[in-house]
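Hi everyone, thanks for making time.

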Amino acid sequence: MSFDHVSAVSAVIDDQVAVHAAEIDRTGTFPRANLDGLAKAGLLGLLSAPEVGGRGAGLRAAAHVIERLGSTCGSTAMVLLMHYAATAIIEAHGSEETRRAIARDEHLSTLAFSEAGSRSHFWAPLGTASANGDGQVRLDARKSWITSSGDADSYVWSSRPLQAEGPMSLWLVPSDAPGLTVAGPFDGLGLRGNGSNPVTGEAVPVPKGAMLGTDGAGLDIALQTALPHFLVLNAAFSLGLMETLVAKAAAHLVNTRLDHLDQSLAEQPTQRLAFADLRTRTDGVRAFLDDTLTALETGREDATLRVLQVKSVAGEAAPEVADGVMRLCGGSAFRKEVGVERAFRDALAARVMAPTTEALRDFVGRASLGLPLM
């Protein structure tokens, strides 16, 4: 019998995520209770293979989970999103021990790609890996804005190659490894509970067997394995925010009355037309995301192009819809208890997360014109 991820995530949202969302945003607290609930429901191991005890679900199922979480608590959604992107690499190249721990819902991972020196250019790590001569490898880097930093159990860590040619190698680094320092706490505009902090690694010792894939092949692995998960799930995250914003706008228009006209706001043509635009924009993103997933599932020729497009399509639409809902709901949207302004702030994040909208547009142009991505 297949795992019912739809019921599982709905139950966790009702029991925990919706209850804690506003407080997580107010305090900037990492959503540990929500992650525990997701683990108990079997959702940390959603993408893990059945052969190691996982649910064996695909990217479409993960997109549904992230969309539903994004509609309720952006911070929780982003933490799980990064875990799923890391899991994709660990499933392909990690040890059986770690794969089984994730499948048991006992291990939370995340990506540690962005660095202070190269910023959103994740494909150009400055951090180094050097052999210690005793079978150990020393990692040194200044990582920036790592989701779940200090709370994840491991980092999928990028560095310059140990010896081989190539731009990057990947490592699985335990978060409690000596030499790791997390700066924080994160105090941001949105996604306030996602624990996105700089992580410094100074002489961090890992065994050579901690390498994920072969030396120098890290960029190919990231582009082929992590990036599709990250981009598609980021689009699902943005879609979840858009859906909750549009739902709140609809409720406001239907339930708010102009007593002097004895009519609701929904009966006013100007507001109704504005709402129609927001609904259509959101439906357009859903259609594009669904088409991207279908292209991947069927091996369609344009699948890579759709993957490169989908995050920027959704990530640019979400702030536009959020701004439209703020305007449509007027002063009530500024009240924190309504939840519109929280979704508005969270919606701003996707466009600046690497790869940024600008970088993705360049990738799309290159791919469409027959040029190499980099």
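Okay, one thing before we start: this is a predicted model.

Let's begin with the sheet. Strands of a sheet pair through backbone hydrogen bonds, either parallel or antiparallel. So which is it here? The pairing is antiparallel, in an open sheet of 4 strands, and if you read across, the order goes β2-β3-β7-β6. Now look at the two ends of that order. β2, residues 128-131, and β6, residues 180-182, are the edge strands; each has a single partner strand, so one side of each is left without a neighbour in the sheet. Going from one strand to the next, the twist averages 10°.

Strand β3 covers residues 136-146, strand β7 covers 197-207, and the two pair in the antiparallel sense over 8 bridges.

Next, a residue I'd like you to find: Ser149. It's in the loop between β3 and β4, with β4 being 154-159. Is Ser149 buried or exposed? Its relative accessibility is 4%, and buried means under 20%, so Ser149 counts as buried. And what does the Ser149 side chain reach? That would be the backbone oxygen of Gly195, at 2.8 Å. If we skip its neighbours within four places in sequence, Ser149 also has contacts with Tyr155, Val182, Ser196, Asn197 and Val199, besides Gly195 itself.

Right, on to the helices. Two packed helices are described by the angle between their axes and the distance between the axes. I have two pairs to show you.

Pair one is α6, residues 218-255, with α8, residues 303-329. Their axes come within 8 Å and cross at roughly 20°. Angles under 35 degrees count as roughly parallel, and α6 and α8 are therefore roughly parallel to each other. Their crossing is left-handed.

Pair two is α3, residues 59-70, with α7, residues 269-298. Here the axes are 10 Å apart and the packing angle is about 155°. That makes α3 roughly antiparallel to α7, and the crossing is right-handed. Who makes the contact? On the α3 side, look for Leu59, Arg60, Ala63 and Glu67. On the α7 side, the residues include Arg286, Asp290 and Leu293, and also Thr294, Leu296 and Glu297.

That's my tour; over to you.

How values were computed:
Residues numbered from 1 in each chain as written. Predicted model: local features only at pLDDT ≥ 70, side-chain atom pairs only at ≥ 80, totals over all residues. Heavy atoms only, no water. Pairing = 2+ DSSP bridges. Axes fitted to C-alpha atoms, helices over the stretch in contact; angles between N-to-C directions. Buried < 20%, exposed > 50% of the residue type's maximum accessible area, 1.4 Å probe, protein only. Polar contact = N/O pair within 3.5 Å; in protein donor to acceptor, adjacent residues only side chain to side chain. Contact = heavy atoms within 4.5 Å. Parallel < 35°, antiparallel > 145°, perpendicular 65-115°, else oblique. Left-handed = near helix turned anticlockwise from the far one by under 90°.
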